[in-house]
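Thanks for coming. Let me put the model up on the screen and walk you through it.

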Amino acid sequence: MIKNYLKVAIRNLFRNKFYSLLNISGLAIGIACCLLIVLFVTDELSYDRYYEDSNETYRLTMAGALNGSAFDLAVVGDVVGQTLVQDFPEVLKSGRFRGGGSPFIKSGENTFKEEKFIWADQSILDIFDIKIVQGDPETALINPKSLVMSETGARKYFGNEDPVGQIVEFGGAKDYKVTGVYEDIPSNTHFEFDVLGSMETRPDSKQGIWLSMNFQTYVVTTPGADLEKMASQFPDMLKKYIGPEVKKFMQMEWEEMENNGTSLAFAIQPVADIHLHSDLQGELGTNGDISYVYIFSAIAFFILLIACINFMNLATARSAHRAKEVGVRKVLGSVKSQLVGQFLAESILISLISFVLAIAIAWIALPYYNDLAGKQLTIPFGSPIFIGAMLAGIFGVGFLAGSYPAFFLSAFKPVAVLKGSLSNGMKSGALRSVLVVIQFGTSIILVIGTLVILNQLDFIQNKNLGYERDQVVIINDAFLAGSNVAALKTELESFSEVKSASLSGFLPTPSNSNMNVFLKGLVPDQNNQVLIFDWTVDYEYVETLGMEIAQGRNFSRDFATDSLGVIINESAVKQFGFTDPIGETIGTFIDLEGTVQGYKIVGVVKDFHYETLKNKIAPLAFRLGNSTGLLNLKVNTTDYPALLRKVENSWANLAPNQPFETTFLDDRFKRMYEDEQRLGQVFGIFATLTIVVACLGLFGLAAYTAENRIKEVGIRKVLGANVGQLVYLLSRDIGKLVIVALVIGAPLAWYFMNGWLQGFEYRTSIGWTIFAFTAGGSMLIALLTMTYQSLRAATSNPVKSLRTE
């Protein structure tokens with residue numbers, strides 16, 4: 001019986017090549033899109049689940065507010081993790097990371113700027129199952145000035161040599177020792193480092209201060225630990241350990257602090273939640289976003305649904321052509337279950353062919369998709385789970401797409417169909433109309449979503465940020481010039497192409513997040529402390545980046561007292577409550593004993609965006625300092641290659657044998673919004689494919705509609721109807737359905753995309769033009785799809801369609 005089902009199914013496929021092609025291509029595109037999205041979603045959901053104790057591993061976080069300035073940190077004090085191990089029996093062990101910047105490491109004659117470096121405790125190797133393949137796993141990070149490298153990092157520095165025991169130059173110090181090599185960490189983790197330095201090297205790792213929050217700290221608990229019970233004890237723990245520090249540094253008792261709007265809250269966060277559910281200050285890398293997982297999952301579902309709807313629409317539209325077949329089969333003794341089996345066999349066969357084609361399409365598209373998604377995804381052909389999922393998908397999609405047509409067609413009464421009394425066409429296909437509305441409604445939501453994202457990106461690109469990001473060249477790691485860095489700056493300023501130059505370690509990008517507590521005045525009390533981003537700059541910084549002084553003046557060498565001067569932004573003025581800030585004094589702690597250094601406000605800089613537009617502009621202070629991390633050049637030329645050659649020559653003379661690297665400020669700005677740009681591209685691609693799949697089905701449906709009404713068209717032509725009237729007659733039904741889809745889809749799109757825009761503190765609005773463009777475009781695409789078949793029917797010879805009557 002099954003063999004007969006398959007034989008008949010294959011014959012029907014070849015007998016109706018055009019409609020088989022529409023069905024298979026639509027399903028294949030939908031399944032391929034779904035497969036690619038599922039690979040992405042699966043990878044996102046797999047983060048930090050590969051090591052043994054992942055379900056019992058947590059990160060410690062600290063949140064709070066200081067006189068209205070809120071903070072939410074992924075870092076805590078150096079002693080917090082070990083304190084939890086001592087005070088809570090359910091906490092088994094702890095380990096810490098500490099940011100180490102991008103040090104230069106020299107091995108032999110090769111010097112590399114190590115972008116993937118961090119300080120780590122020995123216990124980190126155990127917590128995250130970091131497998132040491134060379135060296136002693138028990139002592140690799142025990143001693144100061146020890147380095148452990150990944151296999152990739154070891155090959156970079158030493159090639160095929162044995163790295164263990166090798167001495168390297170680290171940040172100018174020539175006595176660092178490589179003590180181990182570890183297996184490359186999987187990519188699906190919230191941190192990615194090629195070199196780990198022993199935490200024992202850092203003096204601040206043992207200072208024992210809770211309020212010095214610089215350490216990403218992790219703990220492992222016993223299985224089934226009562227986390228709620230632990231959390232209920234955290235307030236008392238904070239009071240016990242931080243209370244003395246609050247009294248020392250803030251000159252107040254713990255109760256006073258709690259009563260004046262200042263708060264501290266301690267929490268533990270499951271490590272598996274970090275990638276998709278965390279966006280704190282001090283993260284070890286750029287995390288994902290669970291909302292994108294939901295969005296892409298919904299897109300995958302709807303694309304597959306639309307592909308299945310195509311099949312259902314075409315199958316039910318063809319019902320009149322197979323009705324007599326059903327009638328004859330029933331008269332000859334076929335029962336309903338046999339007919340259902342036949343039609344489901346056809347559906348599953350189409351699903352099988354579509355899945356094979358979809359896997360081929362996905363395999364071909366995967367390299368481009370990886371570039372777009374920033375991933376390294378592969379199709380796990382040998383995985384039993386993958387094979388099982390594909391088989392389940394083949395039968396699942398086959399049943400989903402074929403169930404309604406199977407039961408619909410098998411329910412025909414043989415007497416009715418053999419007498420020719422079965423009606424068909426779009427007017428009688430209420431379900432088909434609903435399905436077409438779903439198809440185009442989904443397409444409309446995706447199109448509007450794409451346009452809103454592109455509008456927001458355009459808003460970001462064109463918004464006045466409060467500084468000039470164009471034509472700013474940045475020389476990275478200017479400190480490598482050593483004592484010649486000032487001479488280098490002076491020489492570059494003499495170039496006719498350079499308007500001004502500035503030395504600083506800070507740029508208006510989110511990576512610069514140095515924060516300090518500043519006092520209104522010099523005496524700490526419970527109401528005068530503000531948490532402020534604190535940047536050290538030079539005299540030319542404001543001019544070079546095109547910032548605007550709103551009150552007072554810029555730093556000037558004519559004023560010797562500017563060494564103890566400060567420039568704050570307008571948000572800081574509001575936070576302090578100054579009405580006339582110029583000449584006021586603010587202070588900050590300069591040591592662990594609570595000593596306060598005062599600074600006189602000499603100017604107020606207009607608020608500018610130094611984080612993404614998702615964040616409100618926070619208080620900021622500029623102080624003069626000797627930071628030489630970056631040398632920024634404001635230029636007045638577009639011949640960048642020629643300028644960079646001159647700059648490199650000067651670098652070679654004043655910083656011989658040191659690596660030379662430049663970037664542009666506008667490129668750094670663009671990288672801040674890579675996720676949004678990627679989302680816009682993905683939305684655009686999948687919206688286009690959704691429309692293509694929907695139009696394939698619509699094209700086939702239009703062909704059957706025209707075919708079923710061919711005699712009506714012939715009679716109307718004989719009675720004098722022209723081509724335009726006939727095209728309108730055959731196309732108006734789909735036009736109505738597209739309008740219904742727009743009425744339903746547009747409000748839903750506004751709701752979802754308005755919610756997405758709420759994630760930006762500064763955002764565009766969803767204007768009527770987006771809806772007008774989408775409505776016009778949807779109608780045009782639908783009508784163009786219908787017009788070919790309508791014209792074909794309207795221009796046919798009526799004699800051919802009526803000669804049998």
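Some ground rules. This is a predicted model, so to speak of its limits: local features need pLDDT of at least 70, side-chain atom pairs count only at pLDDT 80 or more, and totals for chains, interfaces and linings use all residues. Residues are numbered from 1 along each chain as its sequence is written, and side-chain values use heavy atoms, with hydrogens and water left out.

The whole chain, then. Its secondary structure comes to 25 helices and 24 strands. Those are DSSP runs numbered from the N terminus: helices are H or I with at least four residues, strands are E with at least two. Of the 805 residues, 51% count as buried. Buried means under 20% relative accessible area, exposed means over 50%, and partly exposed is in between, with a 1.4 Å probe and protein chains only. Now contacts, meaning heavy atoms within 4.5 Å. Take those between residues at least 6 apart in sequence: 80% of them join residues at least 24 apart.

Next, the cores. In soluble globular proteins, nonpolar side chains tend to be buried together. A nonpolar core here is a set of buried Ala, Val, Leu, Ile, Met, Phe, Trp, Tyr and Cys residues joined through side-chain atoms within 4.5 Å. Which residues touch the most other members of the largest one? They are F296, W535, M547, F608 and F622, out of 109 residues in that core. Look at M547. Not counting residues up to four places away in sequence, M547 touches G466, Y467, Y541, V542, V605, F608 and F622. There is also a second, separate core of 30 residues, with L66, V80, W210 and I268 among them.

On to the second largest pocket. The method runs on a 1 Å grid over the protein atoms alone; a pocket is an open set of points with protein on both sides within 12 Å along at least five of seven lines, and lining residues have an atom within 4 Å of a point. About 530 Å³ of space lies in this pocket. That volume is the space filled by probe spheres set on the points, with grid points joined across faces, edges and corners. The lining has 19 residues, and L35, V38, L39, T42 and F386 lie nearest the centre. Two elements give two or more residues to the lining: α2 (17–45) and α13 (384–410). The largest share, seven residues, comes from α2. By class, the lining has 14 nonpolar, four polar and one charged residues. For those classes, Ala, Val, Leu, Ile, Met, Phe, Trp, Tyr, Cys and Pro are nonpolar, Asp, Glu, Lys and Arg are charged, and the others, Gly among them, are polar.

D48 sits in the loop between α2 and β1 (57–66). Phi of D48 is near 55 degrees, a positive value in a residue other than glycine. D48 has a relative accessible area of 0%, so D48 is buried. K145 also has a positive phi, near 60 degrees. Its loop runs between β7 (132–135) and β8 (146–150). At 30%, K145 is partly exposed.

Now Q456, in helix α15 (residues 430–462). Is Q456 buried or exposed? Buried, because its relative accessibility is 0%. Q456 and R763 are 307 residues apart along the chain, yet their C-alpha atoms are separated by 6.5 Å. Beyond its sequence neighbours up to four places away, Q456 touches W756, L757, F760, Y762, R763 and T764. Its side chain reaches the backbone oxygen of Y762 at 3.3 Å.

F193 next. F193 lies in the loop between β10 (173–182) and β11 (195–198). F193 counts as buried, at 9% relative accessibility. F193 and I118 are 75 residues apart in sequence and 6.9 Å apart in space, C-alpha to C-alpha.

Last stop, S556. S556 is in the loop between β18 (549–552) and β19 (565–569). At 17% relative accessibility, S556 counts as buried. A polar atom of the S556 side chain lies 3.1 Å from the backbone nitrogen of D558. That's the tour.

Note on methods: Polar contact = N/O pair within 3.5 Å; in protein donor to acceptor, adjacent residues only side chain to side chain. 1 Å grid on protein atoms, 1.4 Å probe; cavity = no way out; pocket = protein on both sides within 12 Å on 5 of 7 lines; lining within 4 Å.
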